[in-house]
Amino acid sequence: MALKIIGAPMPNMPWQEKPAGHPGVLWRDDRNPIIRWDPTPSTARIFNSAVVPWGDAFIGVFRADHKDIFPHLHVGRSKNAIDWEFEDDDIKFVDEDGKPFQPRYAYDPRVVKIEDTYYVTWCTDFGGPALGLARTTDFETFVRMENICTPYNRNGVLFPRKIDGDYVLLTRPSDAGHTAFGDIFLSRSKDLVHWGRHRRVMSSGPVWWEATKIGAGAPPIETSEGWLLFYHGVQNTCNGYVYSFGAVILDLVNPDRVLYRTHSYLHTPQRDYETNGFVPNVTFPCSTLHDPESGRVAVYYGSADTYTAVVYGYIPEIIEQIKADSELVPGDGEEFRG
């Protein structure tokens with residue numbers, strides 16, 4: 001049976017063909033990095049951000065580190081998803097009653113459209129790093145909703161549709177510092193307020209490129225083979241952490257069950273804009289654009305906590321690579337695994 005990829009057609013998504021002789025299933029845009037230093041008057045760096053289609057163009061919620069080093073969320077717009085214009089002011093949230101409700105800091109957003117609403121998850125300040133949640137329909141008014149969890153947690157990624165009537169969320173419990181551990185967990189909710197049925201989806205450590213910690217990247221892409229999830233893995237070296245990314249296929253009905261998982265990374269810091277910057281040796285995926293008809297996918301990632309870059313691939317080739325290179329950790333996908 002031919003692979004089926006779920007989603008609206010996106011013939012206008014950015015794209016470059018694979019360079020001749022390129023050995024991998026992902027390849028870089030030759031315009032990288034697409035967002036560089038000092039992107040707006042008030043901001044020093046934009047990276048680890050979330051891009052979505054918006055009519056015939058594109059829009060997104062972007063992590064912008066200001067020149068006092070505090071990170072905030074900004075809206076950006078683009079006609080081609082490569083050349084971006086950003087609002088210099090950060091997003092001003094309101095609560096359910098329309099009153100201002102502003103985080104002290106906000107970083108690493110993800111954006112997913114579920115039915116007619118766009119939901120933003122990010123790492124917020126709540127007595128320590130925790131997961132914030134907001135909704136918007138126009139990218140002008142952002143309504144702060146109840147925080148998803150208590151500290152400490154990062155990398156909150158919602159699935160793009162309900163599963164068996166539930167909103168489904170991936171997270172990575174952490175600590176207050178530069179976390180030296182981390183597995184991916186899954187939680188469910190009927191109302192986006194009360195979360196439960198927690199499961200450990202997968203653990204760090206089967207191979208060295210992801211031996212220290214892992215975290216969910218972009219919202220999963222639905223295919224007939226399962227949910228395709230790009231995730232980051234971290235290795236602790238004598239020169240510090242190295243962030244690479246791989247991919248996994250999760251069961252469509254029970255997405256806490258891992259079907260296939262890459263043994264080797266699909267992408268790792270190699271270019272100057274990935275190995276040198278505010279935090280060197282980081283490639284951190286946060287969003288994708290994909291066209292189901294052609295099978296094309298663009299993965300947006302932060303580079304060295306300084307830049308934004310993009311790589312391309314064909315979803316069928318990526319899935320075949322994951323299956324061919326798969327190595328499951330004993331216990332992956334087991335309910336209540338301790």
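Aspartate 90 forms a salt bridge with lysine 92, with 2.8 Å between the closest N and O atoms. A salt bridge is taken as a side-chain nitrogen of Lys or Arg within 4 Å of a carboxyl oxygen of Asp or Glu. Aspartate 90 counts as buried at 14% relative accessibility, whereas lysine 92 counts as exposed at 53%. Buried stands for under 20% relative accessible area, exposed for over 50%, and partly exposed for values in between (1.4 Å probe, protein chains only). The model is predicted: local features need pLDDT of at least 70, side-chain atom pairs count only at pLDDT 80 or more, and totals for chains, interfaces and linings use all residues. Residues are numbered from 1 along each chain as its sequence is written, and side-chain values use heavy atoms, with hydrogens and water left out.

Salt bridges that share partners join Arg45, Arg63, Asp65 and Asp108 into one network. The whole structure holds 20 salt bridges. One of them links arginine 28 to glutamate 274, with the closest N and O atoms 3.0 Å apart. Arginine 28 belongs to strand β1 and glutamate 274 to helix α1, so this pair ties together parts that are 246 residues apart in sequence. Helices (H or I, at least four residues) and strands (E, at least two) are DSSP runs, numbered from the N terminus. Both arginine 28 and glutamate 274 are buried.

Another salt bridge joins the side chains of glutamate 87 and arginine 77 (2.8 Å, N to O). Glutamate 87 sits in the loop between β5 and β6 (93–94) and arginine 77 in strand β4, so the pair ties together parts that are 10 residues apart in sequence. Glutamate 87 is partly exposed, at 34% relative accessibility. Arginine 77 is also partly exposed, with a relative accessible area of 33%.

Strand β4 is part of an open sheet. This sheet has 4 strands in the order β2-β3-β4-β5, with antiparallel pairing. Its edge strands are β2 (43–54) and β5 (85–86), each of which pairs on one side only. Two strands pair if DSSP finds at least two bridges between them. Strands β3 (residues 57–66) and β4 (residues 71–78) pair in the antiparallel sense over 8 bridges. Alanine 64 stands opposite histidine 72 in β4.

In helix α2 (residues 315–324), the buried residues include Ile315, Ile318, Ile319 and Ile322. These four cover an arc of only 95° around the axis, which puts them on the same side of α2. The arc is that of the directions from the helix axis to the C-beta atoms. On the surface, Trp37, Ile69 and Phe278 form a nonpolar patch, with about 310 Å² of accessible area together. Patches are made of residues with over 30% relative accessible area and no salt bridge; like charges are joined within 9 Å, and nonpolar side chains (Val, Leu, Ile, Met, Phe, Trp, Tyr) within 5 Å. Accessible areas come from the Shrake-Rupley method with a 1.4 Å probe; for residues, only the protein chains shown count as cover. Phenylalanine 278 lies in the loop between α1 (272–275) and β20 (283–291). Its relative accessibility is 43%, so phenylalanine 278 counts as partly exposed.

The disulfide count, for cysteine sulfur atoms within 2.5 Å, comes to 0. Cysteine 123 is in no disulfide, and the nearest cysteine sulfur, that of cysteine 149, is 8.8 Å away. Cysteine 123 is buried, at 2% relative accessible area. Cysteine 286 is in no disulfide either; its nearest cysteine sulfur, that of cysteine 123, is 12 Å away. Cysteine 286 is buried as well, at 0%.

Backbone geometry gives further local features. Most residues other than glycine have a negative phi, and most peptide bonds are trans. A cis peptide bond joins asparagine 32 and proline 33, with omega about -10°. Proline 33 lies in the loop between β1 (27–28) and β2. A cis bond also joins proline 151 and tyrosine 152, with omega about 5°. Tyrosine 152 is in the loop between β10 (142–144) and β11 (153–158). Alanine 304 has a positive phi, near 55°. This alanine 304 is in the loop between β21 (296–303) and β22 (307–314) and is buried at 0% relative accessibility. Aspartate 305 has a positive phi near 50°. Aspartate 305 is found in the loop between β21 and β22, and is buried with a relative accessible area of 16%.
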